[in-house]
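This report walks through one protein model, moving from single residues to the groups they form. Please keep the sequence and the 3D view open while reading.

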Amino acid sequence: MPTATEAPMGKIITTLTIINRIDQANAKQGLIPVDQVRSLTLNNVLVDTGATTLCLPPEAIAKLGLELLKEVDVTTATGLSKARIFQDAKISLLGREGTFECVELPGGTDPLLGVIPMEALGIEPDLHNQKLKLLPSESQDTYLTIL
(Lines give C-alpha, C1' and ligand atoms only; values in the text may rest on other atoms or scores of the structure.)
Protein backbone atom coordinates (compact mmCIF):
# COMPACT_ATOMS: atom_id res chain seq x y z
CA MET A 1 0.00 0.00 0.00
CA PRO A 2 1.47 3.42 -0.93
CA THR A 3 2.40 5.59 2.00
CA ALA A 4 3.35 9.19 2.50
CA THR A 5 6.92 9.82 3.54
CA GLU A 6 8.63 12.66 5.30
CA ALA A 7 10.30 15.42 3.30
CA PRO A 8 12.36 18.43 4.34
CA MET A 9 10.80 21.82 5.22
CA GLY A 10 7.40 20.51 6.36
CA LYS A 11 6.38 19.12 2.98
CA ILE A 12 4.44 15.91 2.50
CA ILE A 13 5.58 13.67 -0.35
CA THR A 14 3.61 10.57 -1.31
CA THR A 15 3.46 7.74 -3.85
CA LEU A 16 0.38 7.75 -6.06
CA THR A 17 -0.93 5.17 -8.53
CA ILE A 18 -2.96 6.52 -11.46
CA ILE A 19 -5.01 4.38 -13.88
CA ASN A 20 -6.73 5.37 -17.12
CA ARG A 21 -10.36 4.81 -16.01
CA ILE A 22 -11.62 4.43 -19.60
CA ASP A 23 -9.07 1.67 -20.26
CA GLN A 24 -10.16 -0.02 -17.04
CA ALA A 25 -13.84 0.11 -18.07
CA ASN A 26 -13.01 -1.19 -21.55
CA ALA A 27 -11.07 -4.11 -20.05
CA LYS A 28 -13.96 -4.93 -17.72
CA GLN A 29 -16.28 -5.10 -20.75
CA GLY A 30 -13.79 -7.30 -22.63
CA LEU A 31 -13.05 -4.64 -25.27
CA ILE A 32 -9.31 -4.64 -24.52
CA PRO A 33 -7.05 -7.09 -22.65
CA VAL A 34 -6.43 -6.28 -18.99
CA ASP A 35 -2.70 -5.94 -19.70
CA GLN A 36 -3.47 -2.97 -22.00
CA VAL A 37 -4.91 -0.86 -19.17
CA ARG A 38 -2.53 2.08 -18.87
CA SER A 39 -1.37 2.92 -15.37
CA LEU A 40 1.49 4.70 -13.70
CA THR A 41 2.95 4.81 -10.20
CA LEU A 42 4.50 8.16 -9.35
CA ASN A 43 6.92 8.66 -6.49
CA ASN A 44 7.68 12.07 -5.03
CA VAL A 45 4.19 13.51 -5.52
CA LEU A 46 3.94 16.73 -3.53
CA VAL A 47 0.81 17.13 -1.40
CA ASP A 48 -0.08 20.75 -2.18
CA THR A 49 -2.81 22.37 -0.09
CA GLY A 50 -2.60 25.39 -2.41
CA ALA A 51 -3.61 23.28 -5.44
CA THR A 52 -7.24 22.35 -6.00
CA THR A 53 -6.85 19.18 -8.05
CA LEU A 54 -4.45 16.55 -9.33
CA CYS A 55 -1.71 18.15 -11.45
CA LEU A 56 0.43 16.02 -13.76
CA PRO A 57 3.29 16.72 -16.17
CA PRO A 58 2.55 16.13 -19.87
CA GLU A 59 4.74 13.01 -19.96
CA ALA A 60 2.55 11.30 -17.33
CA ILE A 61 -0.66 12.33 -19.10
CA ALA A 62 0.66 10.99 -22.42
CA LYS A 63 1.74 7.68 -20.86
CA LEU A 64 -1.72 7.28 -19.31
CA GLY A 65 -3.46 8.27 -22.57
CA LEU A 66 -5.90 10.57 -20.78
CA GLU A 67 -8.47 12.42 -22.91
CA LEU A 68 -8.49 16.21 -23.11
CA LEU A 69 -11.60 17.70 -21.53
CA LYS A 70 -11.07 21.47 -21.90
CA GLU A 71 -8.68 24.39 -21.73
CA VAL A 72 -9.09 26.89 -18.90
CA ASP A 73 -7.49 29.93 -17.29
CA VAL A 74 -5.58 29.10 -14.11
CA THR A 75 -3.91 31.21 -11.46
CA THR A 76 -0.31 30.24 -10.69
CA ALA A 77 2.54 31.78 -8.70
CA THR A 78 3.55 33.59 -11.90
CA GLY A 79 0.06 34.92 -12.68
CA LEU A 80 -2.81 33.95 -14.98
CA SER A 81 -2.14 31.41 -17.73
CA LYS A 82 -3.88 28.75 -19.83
CA ALA A 83 -3.93 25.11 -18.81
CA ARG A 84 -5.38 21.93 -20.26
CA ILE A 85 -7.62 19.70 -18.16
CA PHE A 86 -7.75 15.96 -18.79
CA GLN A 87 -10.36 13.51 -17.54
CA ASP A 88 -10.73 9.99 -16.16
CA ALA A 89 -7.59 9.76 -14.02
CA LYS A 90 -8.35 7.14 -11.37
CA ILE A 91 -6.05 7.52 -8.40
CA SER A 92 -5.25 5.04 -5.68
CA LEU A 93 -3.88 6.36 -2.42
CA LEU A 94 -3.71 4.78 1.04
CA GLY A 95 -6.18 2.06 0.00
CA ARG A 96 -8.81 4.46 -1.34
CA GLU A 97 -9.68 5.14 -4.97
CA GLY A 98 -11.46 7.83 -6.94
CA THR A 99 -11.63 9.23 -10.47
CA PHE A 100 -10.70 12.86 -11.05
CA GLU A 101 -9.80 15.46 -13.63
CA CYS A 102 -6.18 16.57 -13.76
CA VAL A 103 -4.47 19.77 -14.82
CA GLU A 104 -1.49 19.53 -17.13
CA LEU A 105 1.64 21.08 -15.62
CA PRO A 106 4.50 22.54 -17.65
CA GLY A 107 7.01 19.90 -18.81
CA GLY A 108 9.60 18.75 -16.29
CA THR A 109 7.44 19.77 -13.33
CA ASP A 110 6.81 17.33 -10.48
CA PRO A 111 3.22 16.10 -9.97
CA LEU A 112 1.01 17.68 -7.31
CA LEU A 113 -1.91 16.29 -5.33
CA GLY A 114 -4.43 19.02 -4.49
CA VAL A 115 -7.19 19.28 -1.93
CA ILE A 116 -10.22 18.13 -3.96
CA PRO A 117 -9.05 14.53 -4.52
CA MET A 118 -7.81 14.29 -0.93
CA GLU A 119 -11.10 15.57 0.45
CA ALA A 120 -13.13 13.23 -1.78
CA LEU A 121 -11.05 10.26 -0.62
CA GLY A 122 -11.20 11.22 3.06
CA ILE A 123 -7.46 11.87 3.29
CA GLU A 124 -6.14 14.80 5.27
CA PRO A 125 -2.64 16.24 5.33
CA ASP A 126 -1.04 16.22 8.78
CA LEU A 127 1.54 18.96 8.22
CA HIS A 128 2.84 18.82 11.78
CA ASN A 129 3.83 15.15 11.41
CA GLN A 130 4.54 15.42 7.65
CA LYS A 131 2.21 12.58 6.66
CA LEU A 132 -1.24 11.85 5.27
CA LYS A 133 -4.02 10.77 7.60
CA LEU A 134 -7.03 8.62 6.68
CA LEU A 135 -10.30 9.99 8.01
CA PRO A 136 -12.85 7.47 9.29
CA SER A 137 -15.18 6.00 6.66
CA GLU A 138 -17.48 4.12 9.04
CA SER A 139 -19.75 4.85 11.99
CA GLN A 140 -20.98 8.30 12.96
CA ASP A 141 -17.41 9.65 12.58
CA THR A 142 -17.39 9.14 8.79
CA TYR A 143 -15.94 11.86 6.59
CA LEU A 144 -18.82 11.28 4.15
CA THR A 145 -21.80 13.60 4.67
CA ILE A 146 -25.12 14.16 2.92
CA LEU A 147 -26.99 17.27 3.99
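## A residue in strand 6

S92 is part of strand 6, in a model that is predicted. With a relative accessibility of 17%, S92 counts as buried, because buried means under 20% relative accessible area. When its neighbours within four places in sequence are left aside, S92 is in contact with L16, T17 and E97.

In soluble globular proteins, nonpolar side chains tend to be buried together. In this model the largest nonpolar core has 25 residues, and those with the most contacts inside it are I18, L54, L56, L66, I91 and L132. Among the elements that give two or more residues to this core are strand 2 (12–20), strand 3 (39–47), strand 4 (54–56) and helix 2 (58–64), and the list also includes strand 6 (79–93), strand 7 (96–104) and helix 3 (115–121). A second, separate core has 8 residues, including A51, C55, I85 and V103.

Which residues does L56 touch, once its neighbours within four places in sequence are left aside? L56 is in contact with I18, L42, I61, L64, L66, C102, V103, E104, L105 and P111.

## The cysteines

A disulfide is a covalent bond between the sulfur atoms of two cysteines. The structure holds 0 disulfides. C55 is in no disulfide, and its nearest cysteine sulfur, which belongs to C102, is 8.1 Å away.

## Two residues with positive phi

Most residues other than glycine have a negative phi. Against that background, N44 has a positive phi of about 60 degrees although it is not a glycine, and Q130, which is not a glycine either, has a positive phi of about 55 degrees. Where in the structure does each of these residues lie? N44 is found in strand 3, whereas Q130 has its place in the loop between strand 9 (123–126) and strand 10 (131–134). The table sets out their values.

| Residue | Phi | Relative accessible area | Class |
|---|---|---|---|
| N44 | about 60 degrees | 54% | exposed |
| Q130 | about 55 degrees | 16% | buried |

## The largest pocket

The largest pocket holds about 520 Å³ of space. Its lining is made up of 23 residues, and those that lie nearest the centre of the pocket are V74, T75, T76, V103 and L105. Strand 5 (67–76), strand 6 and strand 7 each supply at least two residues of the lining, and strand 5 gives the most, with 6 residues. Sorted by class, the lining of the largest pocket has 11 nonpolar, 6 polar and 6 charged residues.

Is E119 buried or exposed? E119, which is found in helix 3, has a relative accessible area of 66% and is exposed, because exposed means over 50%. The C-alpha atoms of E119 and L135 are separated by 9.4 Å, while the two residues are 16 residues apart along the chain.

Terms used:
Residues are numbered from 1 along each chain as its sequence is written. This is a predicted model: local features need pLDDT of at least 70, side-chain atom pairs count only at pLDDT 80 or more; totals for chains, interfaces and linings use all residues. Side-chain values use heavy atoms; hydrogens and water are left out. A disulfide is a pair of cysteine sulfur atoms within 2.5 Å. A nonpolar core is a set of buried Ala, Val, Leu, Ile, Met, Phe, Trp, Tyr and Cys residues joined through side-chain atoms within 4.5 Å. Buried means under 20% relative accessible area, exposed over 50%, partly exposed in between (1.4 Å probe, protein chains only). Helices (H or I, at least four residues) and strands (E, at least two) are DSSP runs, numbered from the N terminus. Contact means heavy atoms within 4.5 Å. On a 1 Å grid over the protein atoms alone, a cavity is a set of points where a 1.4 Å probe fits but cannot get out, and a pocket is an open set with protein on both sides within 12 Å along at least five of seven lines; lining residues have an atom within 4 Å of a point. Grid points are joined across faces, edges and corners, and a volume is the space filled by probe spheres set on the points. Ala, Val, Leu, Ile, Met, Phe, Trp, Tyr, Cys and Pro count as nonpolar, Asp, Glu, Lys and Arg as charged, and the others, Gly among them, as polar.
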